[in-house]
Amino acid sequence: MSKDGVEWRWSCFRPWEAYKPDTSIDLTRHHEPKVLLDKIAYWTVKLLRVPTDIFFQRRYGCRAMMLETVAAVPGMVGGMLLHLRSLRRFEPSGGWIRALLEEAENERMHLMTFMEVAKPKWYERALVLAVQGVFFNAYFLGYLISPKFAHRVVGYLEEEAIHSYTEYLKDLEAGKIENVPAPAIAIDYWQLPADATLKDVVIVVRSDEAHHRDVNHFASDIHFQGMQLKETPAPLGYH
Ligand SMILES: [Fe+2]
Ligand SMILES: [Fe+2]
């Protein structure tokens, strides 16, 4: 049951997981890559953008759906590794396990939303399978070797995500992509008005990405200062 007593229609999230996103978040914040590790992270992401741009061009609905299948991986991997570390070392995580798992869950909800707008074709599903196999393992290894680097990569990936969603918005505003009504699942998850449109959905998703950007750059900064994540309380409570 939801707050107003209506039967809850979603099985992928519960009423208490719905939230109002912070759309006033700064979209332009950028972490200047000064040290070598940051530069490698930055250029890794820039390089990954080239094949993505070639493959999707300006098909932003499709692009968003496909990229969200990747975006939901790092939070789960990082959260899982911190969870295991906490168990091994008999120590608390400072809330970081939950923060990263929340990110993974939020990204998965982005996917559930964009699935309503763009239906994946069989070859896209095959691509997701291959990319997940590679990306999960690469990120897993990367996080084991250097969480500092892994979080920085995600920070930059999120900066790119903000850029892509801004381009998506431009095409929606220019009428190149039809501004269809928002999927029902998005209206319930982000507590949007009943007459919300795809444009409103893209705006709230983009502010989620800006939040992930800040969380991940922050996590990397903590490591850069030679500290463990658990020494600094995690930014919880956004979702
Ligand atoms: Fe996302
Ligand atoms: Fe994200």
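**The binding site and its helices**

A: Let's start with glutamate 107, which counts as buried because 25 C-beta neighbours sit inside 10 Å, and the cut-off for "buried" is 20 or more. Keep in mind that this is a predicted model. Glutamate 107 has its place in helix α3, residues 96-117. Skip the neighbours within four places in sequence, and glutamate 107 is in contact with Glu68, Ala71, Ala72 and Gly75.

So what puts this residue on our list? An unreviewed UniProt entry carries a "binding site" annotation that covers Glu107, Glu158, Glu209 and His212. Those residues span 106 residues in sequence, but no two of their C-alpha atoms are more than 11.1 Å apart, so they gather at one spot.

Next up is glutamate 158, over in helix α5, residues 147-173. Glutamate 158 is buried too, since 24 other C-beta atoms lie within 10 Å. Leaving out residues up to four places away in sequence, glutamate 158 touches Glu209, His212, Arg213 and Asn216. Two of those names, Glu209 and His212, are in the UniProt binding-site annotation as well.

Now for the way the helices pack. Two packed helices are described by the angle between their axes and by the distance between those axes. Take α3 and helix α7, which is residues 198-224: their axes come within 11 Å and cross at roughly 155 degrees. That makes α3 and α7 roughly antiparallel to each other, and their crossing is left-handed. On the α3 side, the contact is made by Ala99, Glu103, Asn106, His110, Thr113 and Val117. From α7 come Leu198, Val201, Val205, Asp208, His212 and Val215. Sort the residues of this contact by type and you get six nonpolar, four polar and two charged.

Helix α1, residues 36-56, packs against α5 at an angle of about 45 degrees, with the axes 9 Å apart. That angle makes α1 oblique to α5, and α1 passes α5 in a right-handed crossing. Here Leu37, Asp38, Ala41, Tyr42, Thr44, Val45 and Arg49 of α1 meet Lys148, Phe149, Arg152, Val153, Tyr156, Leu157 and Glu160 of α5. This contact divides into eight nonpolar residues, one polar and five charged.

While we're on α5, have a look at aspartate 171, which lies in that helix. With 17 other C-beta atoms within 10 Å, aspartate 171 is partly exposed. Neighbours within four places aside, aspartate 171 is in contact with Arg58, Tyr60, Lys176 and Ile177.

In the model, residues 65-84 are 100% helix and 0% strand, with the end C-alpha atoms 30 Å apart. Residues 126-145 are likewise 100% helix and 0% strand, and there the end C-alpha atoms are 29 Å apart.

Definitions and conventions. Residues are numbered from 1 along each chain as its sequence is written. Chains are lettered from A and ligands numbered from 1 in the order in which they are written. This is a predicted model: local features need pLDDT of at least 70, side-chain atom pairs count only at pLDDT 80 or more; totals for chains, interfaces and linings use all residues. UniProt positions are given in the numbering used here, feature names are shortened, and annotations may be inferred rather than shown by experiment. Helices (H or I, at least four residues) and strands (E, at least two) are DSSP runs, numbered from the N terminus. A residue is buried if 20 or more other C-beta atoms lie within 10 Å of its own, exposed if 12 or fewer, and partly exposed in between; C-beta atoms are placed from the backbone. Two residues are in contact if their C-beta atoms, placed from the backbone, lie within 7 Å. Axes are lines fitted to C-alpha atoms, for helices over the stretch in contact, and angles run from 0 to 180 degrees between N-to-C directions. Angles under 35 degrees count as roughly parallel, over 145 as roughly antiparallel, 65 to 115 as roughly perpendicular and the rest as oblique. A crossing is left-handed if the near helix is turned anticlockwise from the far one by less than a right angle, and right-handed if clockwise. Ala, Val, Leu, Ile, Met, Phe, Trp, Tyr, Cys and Pro count as nonpolar, Asp, Glu, Lys and Arg as charged, and the others, Gly among them, as polar.
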